[in-house]
Amino acid sequence: MGGGHAGLDALRVDATSPVHRLAPEIKIAATVAFVFGVVATPREAVWAFVVDAVVVLAVIVAARLPGGLVARRMRIEIPFLAFAAFMPFTGGGPRLDGFWLSLSEPGLWAAWNIVVKGTLGVAASVVLAATTPVAGLLRGLDRLHVPRVVTAIAGFMIRYLAIVTGEAHRMHVARQSRGYDPRWLWQARGVAATAGTLFVRSYERGERVYLAMLARGYDGTMPPALDDGAPATSQWLAGATVPLAAWGAAMTALALA
């Protein structure tokens with residue numbers, strides 16, 4: 001993996017921890033299984049979500065991730081939280097009155113469902129991204145037998161997202177150096193021109209990269225990743241503790257419902 005990964009690998013937190021040392025495929029499988037376990041949990045089982053939250057916090061501590069960093073990265077879910085905040089006011093059914101407010105009881109449960117499950121899912125994803133490099137994620141997907149065409153497309157997207165972002169930043173600096181920085185509605189023509197120029201530059205760069213790949217023998221498929229050995233059974237058992245805890249809480253909650 002080349003320089004295109006450098007910018008996105010900034011998400012990874014350099015540390016020496018048991019979570020960092022786990023094989024990428026184990027962390028990917030554990031994260032996906034954990035999220036499905038959280039989604040399968042009935043929204044009324046508050047205690048089960050407490051168990052899930054404790055599990056996630058334990059993993060964050062084991063990975064030696066700073067709490068402030070995790071909190072900052074979880075701000076990505078703010079739009080979903082804002083959407084959930086309106087549901088108690090717009091939902092129907094029985095209503096709860098108090099403190100000059102009339103809130104929908106089904107709306108409150110729906111908002112709680114979105115907030116708690118979204119927060120736990122985002123937290124698990126943050127841990128995965130902070131403990132696994134981009135190349136490791138792609139290698140892990142390969143080992144989980146995700147179709148190679150999918151991982152190849154994902155690899156190209158990740159590699160050149162940083163390049164396109166850098167190109168957009170250089171264009172922004174160039175506009176500012178000329179005293180022109182369109183950002184308002186009445187400057188839409190300037191914004192559209194910038195977007196068009198960025199698209200053309202990205203397309204041309206993609207053409208040059210493709211021709212360079214053909215010159216190096218690219219035949220439409222990516223070469224197989226180097227195999228550094230299958231992870232030990234002990235690693236799989238360690239990674240399985242997280243989704244097993246989530247699914248255990250979910251199954252218990254469903255049985256008690």
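## Aromatic pairs

Searching the whole structure, a predicted model, turns up 2 aromatic pairs. To pair, rings of Phe, Tyr and Trp (its six-membered ring) need centres within 6.5 Å; planes under 30 degrees apart are stacked, over 60 edge-to-face, and the rest tilted.

Take Phe-49 and Trp-112: their ring centres sit 5.9 Å apart with the planes at 80°, so this pair is edge-to-face. Phe-49 belongs to helix H4 (residues 46-62) and Trp-112 to helix H7 (residues 105-131), so the pair ties together parts 63 residues apart in sequence. Phe-49 is buried, at 2% relative accessible area, while Trp-112 is partly exposed at 30%. (Buried is under 20% relative accessible area, exposed over 50%, partly exposed in between, with a 1.4 Å probe and protein chains only.)

Then there's Phe-199 with Tyr-203: centres 6.4 Å apart and planes at 25°, so they count as stacked. Both lie in helix H10 (residues 188-215), 4 residues apart, or about one turn of the helix. Phe-199 and Tyr-203 are both exposed.

## The overall fold

The protein has 11 helices and 2 strands, where helices (H or I, at least four residues) and strands (E, at least two) are DSSP runs numbered from the N terminus. Of its 257 residues, 31% are buried. Among contacts (heavy atoms within 4.5 Å) with a separation of 6 or more, 74% link residues 24 or more positions apart.

## Ground rules

Residues are numbered from 1 along each chain as its sequence is written, and side-chain values use heavy atoms, leaving out hydrogens and water. Local features need pLDDT of at least 70 and side-chain atom pairs 80 or more, whereas totals for chains, interfaces and linings use all residues.
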